[in-house]
Amino acid sequence: MFPQALSSLESVMMMYPFFYRPQNTTLGTGWLTDITEQYYKQIATDTGAWRLSSINADFGVCPSYPPLVIVPARLDDGVLQKSARFRQGRRFPVLSYYHKKNGTVMLRSSQPLVGPNRKRCHEDELLLTTVLEGGERGFILDTRSLQTAKQARVMGGGLEHRSCYHGWKRLHRALERGRSLQESFIKLVEACNDPSAHMDRWLSRLEASKWLSHVKEALNAACLAAQCLEREEACVLVHGAEGKDATLLVTALAQVILDPSCRTLAGFQGLLEREWIQAGHPFQLRCAHSAYAHARLKQEAPTFLLFLDCIWQLGRQFPFSLAFNEHLLLALFEHCYASPCGTFLGNNEKERRLCEMREKTHCLWPWINHGEKYLNPLYMYNPLVIWPSVEPQSLMLWKGLFLRWVRSSEHLDEAWTEIRQITTNSQTYSQLHRAT
């Protein structure tokens, strides 16, 4: 197992980002690791109920978690270690988001290792009980169906006992992942690139791909998590099996729905850093090939692309509420599959540290932050929650991505350039008018 891991590491370090050296740029700049640490430190300072733990500083507790995690302040690291041994991949419950409006929190983890003998872990139960000590209620949002979660017991997994986790109620919102999601992506791309398709055939192939159904279910699950926090004033724990895919999809989407700071360009980058990159989404495995590749690796899945599509749907339904535009989402899609930068390389922070990713490759974010290409000229700060419609009539195919090689975006780009010029002129006029 160890030689195999070294072999994988070596193959990563032979990729293009380790040799990409553009002029007038410096290695080691632009990374957002410290931003994430500051984000969690602020929560700990504001609440007093949470603390930043370095229990995973050497990645010995959980290989797919970052070195620093934020956990209940009253619990010592010994409790966390035992809880980790009771969760798949040792991904014990950690804080994902603190809802300032009412003090509720969203956590994420992997499934408990209950197994066929219905094992318990008092430390894991204590961890979740401590979260609700202020009298809050809690919902465990499982991204698997109830039947799938029960079947996981045979393989050593399972779901939390209702009677053991006091104050927590279980909800299930089944989200597709893995091979089925990848096949859906492939079918959609094939349908979009079929020039001979008539209307009936095109609609039939679009429906058969089930891609828009996946978009709907992802937004549904995220809205449920957001509703628990915002309307029910309850805490939420999100997990599936491994907690690296659908779990992160839900927690990240819920934050964009709830928090206006996540809808700014800087805030969105911070969200991607802590909820996808540092949270252990295995980009190297999931984005190994595009939909055009002949290879069909079972670990591939366009979960991150599904997230970007959901964000595009939010931007279309709330055109003034996101500070960034479609160009940013397209750029992120391109870079997660093939990039000269190291931002999306590797499967977790442990791999990136071993590869010295931040010292030997360039970061994507400085390029994103340079210029106005990725900014939404119509953006207006919106402090409200943005509840998306998930009705069939409200969800649309992301033409800018899936039809980008079929239909030219030239006229749309010209229109956005004109809009940007109009808004710039309007702002300049307003400033001059105030000055006089």
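**View 1. Strand E5 pairs with strand E7.** In this predicted model, E5 (residues 137-142) and E7 (residues 234-239) run parallel, joined by six bridges. Strands pair if DSSP finds at least two bridges between them. Ile140 has Leu237 of E7 as its bridge partner. Strands (E, at least two residues) and helices (H or I, at least four) are DSSP runs, numbered from the N terminus.

**View 2. Strand E5 also pairs with strand E6.** Five bridges link E5 to E6 (residues 168-172) in the parallel sense. Leu141 stands opposite Leu171 in E6. From E5, the chain passes through helix H5 (residues 146-151) to E6 in a right-handed β-α-β crossover. Right-handed means that, with the strands pointing away from the viewer, the path from the first strand over the helix to the second runs clockwise.

**View 3. Strand E5 is largely enclosed by the rest of the structure, because five of its six residues are buried.** Buried means under 20% relative accessible area (1.4 Å probe, protein chains only).

**View 4. Helix H8 packs against helix H12.** H8 spans residues 211-230 and H12 residues 303-317. Their angle is about 75 degrees, and their axes are 10 Å apart. Axes are lines fitted to C-alpha atoms over the stretch in contact, and angles run from 0 to 180 degrees between N-to-C directions. That makes H8 roughly perpendicular to H12 (65 to 115 degrees). Contact residues (heavy atoms within 4.5 Å) include Trp211 and Leu212 of H8 and Leu305 and Leu306 of H12.

Residues are numbered from 1 along each chain as its sequence is written. Local features need pLDDT of at least 70, side-chain atom pairs count only at pLDDT 80 or more, totals for chains, interfaces and linings use all residues, and side-chain values use heavy atoms, leaving out hydrogens and water.

How values were computed. Parallel < 35°, antiparallel > 145°, perpendicular 65-115°, else oblique. Buried < 20%, exposed > 50% of the residue type's maximum accessible area, 1.4 Å probe, protein only.
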